[in-house]
Amino acid sequence: MGSSTYMPKSKVGKWFEERLPIMGLMHSTLGAGYNAPRNLNYWWNFGSLAGFMLVVQILTGIILVMHYTPNVDLAFRSVEHIMRDVNYGWLMRYTHSNGASMFFVVVYVHILRGMYFGSYKSPREVLWFLGLVIYLLMMATGFMGYVLPWGQMSFWGATVITNLFGAFDFYNGMGESILHLLWGGFSVDNPTLQRFFSLHYLFPFIIVGVVILHIWALHLPGSNNPLGIDAKGPGDKIPFHPYYTAKDALGLSFFIVIFALFVFYMPNIMGEPDNYIEANPMVTPSHIVPEWYYLPFYTILKAVPDKLFGVIAMFFSILIFFVLPWLDGSKVRSAKFRPATAFFFWLFLVNAIFLGYLGTKLPSEIIINMGGGIDALTLGRIASVFYFAYFIVIIPVVSRMETTKPVPTSIAQSVLDARKEG
Amino acid sequence: MLKIVKNIGLAAMIILGSVSFANASGGSSFEIKKNDWPHAGPFGKFDKPALQRGLQVYKEVCSACHSLNMVAFRELTALGYNMDELKAFAAEYEFPNGTDDEGEEVFRKGKPHDYFPAPFASEAEARDSNNGALPPDFSLLAKSREHLSMFTPWNSLYGEDYIVGILTTYHEGNPNGDEMTDGMYFNEMFLGNMIAMAPPLSDDLVEYADGTKATTQQMAHDVATFMYWAAEPKMEDRKRMGLKVIIFMTILTIMLYFVNKSVWRKVKKGDDLV
Amino acid sequence: MTTNDQIEHEEEVTRRNFLYVATGVVGAVGVASVAWPLVDQMNPSADVLAMASVEVDISPIPVGQTISILWRGKPVFIRHRTEKEIARGVSENNDPMIDPADDQDRAQKPEWLIMIGICTHLGCVPLDNTEFQSGDYGGWYCPCHGSEYDIAGRIRKGPAPRNLDLPKYKYLSDTTVKIG
């Protein structure tokens, strides 16, 4: 983002650029002025897709707020007003609700890509932190947004999640005081809904701010690449525009097709049917599940028998990503040249999906019908232990012990090598 | 090595996905009957005669206990009624309209912009008249009873099938031979099998305006169609627009594929390096 | 480079440029079609449109009485005028007026005066002087800045620039009028 070589062609452009060099900033950030490694694969599309989803969520969100009423007596009905009466209201709401899921899908892939290709390693640690901050803000935003329709799952999800903070009961009554502060009352009620609405509107703009920092931090060292080696020579890099603008446009267009399939043909598949019943503080639904993107952490929470330590374990399971750059002691970034790391990465992914699956199950449910049967709680504990072991034991040990494959000397060289073979 | 792990992961996902949803159906051991719905699928459209019959069943049978809070009379144009029929339909209902000079409540006839009135003034009154049970509102019932499974769509339970199931799977007494609580009925579909609603339908309970034979199955089917419409009135718009969007975006994606290929032509092969 | 190569090259460039422009145009069409729903959602929604017109049963209004009803968030005066009032309105047709209009043009049926009850000056609701034919003009009086309207809702005195506005209305029958 620093100085720019951008030269406007028109007189007006020059006049303006001298006074506010914003076009130059765009040029050197996402235009021809930014040189990116030439070998980025399609996994690198997910950054721009995440940016797109943020814009979609903010746009549709602003529109929904024009018709929504944050009041316990009116919220549920105002959402149905949007669905039934507002012009294209159903489109706005289904885009926003499915957009949240899509945003998380895209961001999860983006994070996993960073893990696989070692994008968190030096000198990109701060870039990694900022990304995690965005992710945490998204979790908070998504949770509060889910409360707004004031359906049964909204209400009971809010009740369960806020009650987690009651676990910090270090001396008499402290847990309860925290809860009263969060709720603005003695249970989840109108004050809670209104503050969640306020913060749900605010947080996306904070996310925008952190995204700008994230892109700034990206442009100092430049993008990582599938080989994980530094891009040095001019032959290693190509201008962002037109190469990656074309590639991102293609990826975006394809992504929208998938997104549209959900919005138009299965708009409720990622939601919970109980949320089409208005919130009722007297009746808890028979089966409370958070949105799918929280499920792995929910299983970790349930796996720990103690309330306080369960909550700590759950927060820890996310915060541990912050120390990943130091847990990994390898000199090579990309898992392409680290077979053992790659193996455990895929195992970690399968385990994380399995944790998510267990999140939808009751603890006593039998998952594997062997012997006396293994229930979800036991499996959740095993999977949780593996989750933490991956960070605390496997990565530190494997990254320092394993013999890596030979790494190409430069990106350009690897292209020329492939050219010779092909 | 990587391939193996990937395959294991894939297999694991398929197994996880295909675990049956015994839980979703409320733990009952009865088989759920699936019906064909003309409004299902990507090109599905509402069956208007069925919607009209469903409205008739709702009005003559269900509305004695069940409200339909979110639906306004004006929306019934979607069922194929014209404005005059709509006005006549709305005028059959009465709405409070303030008080007269002596403080007595006065009523006016319903208008298209009015919403279906609730049969009971309060939840307490509703429970009192229904053996302590609260008859749920119908506006979103079809959507709030469905269980959709993304990875194993064949395990999905649609709200319409649930409604038909509730209406058509009553048993006399308890098939398990257990004692029945007073005022409760055995129903295969209902969670826990004990339902407070007496079997609401019986053959020829209504006389259909279009002459269709009003069997229990037929009425259940019609009212389920109507309730799905009530829950998702914009479904046809949604699917119609979805088709356009997906065709358009597919074309754009194909074009962008060739643009991208053309932009990358030299760089991809490393021609710029030699 | 031979001439043939050059021609081939130029053809390719043309083809490529066409592809780029066509894709750009299709993309722009896509963006434009997305823009419409984003704007149209601000237009009146179905429940609001359903209230855009009201049907009023005027049969219970006795001669010499005014009712006001709410239409599109504004008061509408419906006055059942007496013969005397109609005669007075017509007789004053040629008096000096700020916004001259004939009494006959103020109502589709002379005995039913239907007007939007909002002062054309700054939007206050005028008070009814009709009952006792009080004031100089026996019509409506705006308390905000003293505009006076006569028995046909014509502005006769004060700062208001126009006669009281007439809504669009239609008699569906002798006793029912549809406003809007």
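Predicted model: local features only at pLDDT ≥ 70, side-chain atom pairs only at ≥ 80, totals over all residues.
Visitor: What makes chain A as compact as a globular protein of its length?

Guide: Chain A has 16 helices and four strands. Its radius of gyration is 24 Å, close to the 22 Å that the globule rule gives for 422 residues, so chain A is as compact as a globular protein of that length. Along the principal axes, its C-alpha atoms fill a box of roughly 70 × 65 × 45 Å.

Visitor: What share of the residues in chain A is buried, and what makes a residue count as such?

Guide: A residue is called buried if 20 or more other C-beta atoms lie within 10 Å of its own. Buried residues make up 44% of the 422 residues in chain A.

Visitor: How do you know that chain B and chain A are in contact, and which element of chain B gives the most?

Guide: Residues count as in contact if their C-beta atoms lie within 7 Å. The contact takes 41 residues from chain B and 41 residues from chain A. On the side of chain B that touches chain A, α1 (2-18), α5 (141-144) and α8 (235-269) of chain B give two or more residues each. α8(B) gives the most, with 18 residues. This side of chain B divides into 25 nonpolar, eight polar and eight charged residues.

Visitor: How many residues of chain C are in contact with chain B, and which element of chain C gives the most?

Guide: The contact joins 11 residues of chain C to 12 residues of chain B. On the side of chain C that touches chain B, α1 (3-40) and α2 (46-50) of chain C each supply at least two residues, and α1(C) gives the most, with eight residues.

Key
Residues numbered from 1 in each chain as written. Chains lettered and ligands numbered in written order. Rg over C-alpha atoms; globule rule 2.2 N^0.38 Å. Buried ≥ 20, exposed ≤ 12 C-beta atoms within 10 Å, placed from the backbone. Contact = placed C-beta atoms within 7 Å. Nonpolar A, V, L, I, M, F, W, Y, C, P; charged D, E, K, R; others polar.
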